[in-house]
Amino acid sequence: VVPYTRGPERSRPVDEIVREAAVLAAHGCREITLVGQNVNSYGKTLPGSCDFAGLLERLNDVDGLLRIRFMTSHPKDLSERLIDAIAALPKVCEQFHLPIQSGDDEILAGMGRGYTVLKYRSLVDRLRERVPGISLTTDVMVGFPGETEEQFKNTLQTIEAVGFDAAYMFEFNPRPGTRAASMERQLDHKTRIRRLGELIRLQNGITIQKNRQNIGREMEVLAEAPGRRGGGMGGFTRGGKMVLFTASPETAGRLVKVKVTDGGLTGLSGHMVTP
């Protein structure tokens, strides 16, 4: 749906993006997030040869900027050059959003995704090999037309095997005018909701387990703002995990070390160990 609603891919000029980042950094911004329908396609509509990895290299040199994040990267054309850039550039955070959508090859083919489960898992292995400790998130859809119970179970098995830090999970929703909306063997809403519930329960358990593995660790956190429920500060790790920790509001905008004392579904908690 997204490619059709947003229109053809367009890339903003490199110098324009770098200048904007420099202005933001000069005004106190410490972290930026680059957003694209598929960042792997960056630069294809621009003169010259700068790709997305090249853009990251330019932004890594911006004074005052501490962190760079981005999303989304499509599995079908994720390059070794981009993986190498994440591994090599100190300001690029160890966080990667890689939508899988389904853990079954026939469903992926029906979606027109352009990769198999094996290809996807090889990318995950490569990311974890080159960027130790990387945080991986994904998108998953259940109830695509024709999805059998066996194919749904394949998705559950894949999600469990990969072990994502978090996931955006949703049921198939037929959109008028799309190819999938007119496909045969549409699943009823009750079945789609049941499968979505199973998926959410599985991934929530994995997320809690992943977060609790950080208990006792000291992690770099960019302090952002006071916690909503009173007391302390909130911020994010380089892996994109939200952390609530004891600190004064004056720490906002600074990188601090936080010792994690607890972890749950929505993030971590702890106390600051360095000012």
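Biologist: Ground rules before we start?

Modeller: This is a predicted model, so local features need pLDDT of at least 70, side-chain atom pairs count only at pLDDT 80 or more, and totals for chains, interfaces and linings use all residues. Residues are numbered from 1 along each chain as its sequence is written, and side-chain values use heavy atoms, with hydrogens and water left out.

Biologist: OK, how is the protein chain divided into domains?

Modeller: Domain 1 covers 1–93, domain 2 covers 94–213 and domain 3 covers 217–272. Those bounds come from an automatic or database domain assignment.

Biologist: How far apart are the C-alpha centres of domain 1 and domain 3?

Modeller: They lie 26 Å apart. Nine residues from domain 1 and ten residues from domain 3 make the contact, meaning heavy atoms within 4.5 Å.

Biologist: And what area is buried between domain 1 and domain 3?

Modeller: About 660 Å², with carbon and sulfur atoms giving 45% of it. Buried area here is the accessible area (1.4 Å probe) that two parts lose on being put together, summed over both. On the domain 1 side, Leu 66, Arg 67 and Arg 69 lose the most area to domain 3, together 62% of what that side buries.

Biologist: Which side chains meet in a salt bridge?

Modeller: Glu 220 and Arg 67, at 3.2 Å, N to O. The count between domain 1 and domain 3 is one salt bridge, where the rule is a side-chain nitrogen of Lys or Arg within 4 Å of a carboxyl oxygen of Asp or Glu.

Biologist: New topic: α3. Mostly covered or mostly open?

Modeller: Mostly covered: seven of the nine residues in helix α3 (residues 52–60) are buried, which is to say under 20% relative accessible area, with exposed being over 50% and partly exposed in between (1.4 Å probe, protein chains only). Helices (H or I, at least four residues) and strands (E, at least two) are DSSP runs, numbered from the N terminus.

Biologist: What do the buried residues of α3 pack against?

Modeller: Against α2 (14–26), β1 (31–35), β2 (67–71) and α4 (80–88). Phe 52, Leu 55 and Leu 59 are among those buried residues. At the start of α3, a side-chain oxygen of Asp 51 comes within 3.4 Å of the backbone nitrogen of Ala 53.

Biologist: Which peptide bond is cis?

Modeller: The one from Met 71 to Thr 72, with omega near 10°. Thr 72 sits in the loop between β2 and α4. Most residues other than glycine have a negative phi, and most peptide bonds are trans.

Biologist: What about the phi of Gln 101?

Modeller: Gln 101 has a positive phi of about 70°, although it is not a glycine. Its place is the loop between β3 (95–97) and α5 (105–111), and Gln 101 is buried at 12% relative accessible area. Arg 185 also has a positive phi, about 60°, in the loop between β5 (166–171) and α8.

Biologist: Is Arg 185 buried or exposed?

Modeller: Exposed, because its relative accessibility is 57%.

Biologist: Last one: why does Thr 155 count as buried?

Modeller: Because its relative accessibility is 1%. Thr 155 belongs to helix α7 (residues 149–162). Leaving aside neighbours within four places in sequence, Thr 155 is in contact with Ser 102, Gly 103, Asp 104 and Val 140.

Technical notes:
Polar contact = N/O pair within 3.5 Å; in protein donor to acceptor, adjacent residues only side chain to side chain.
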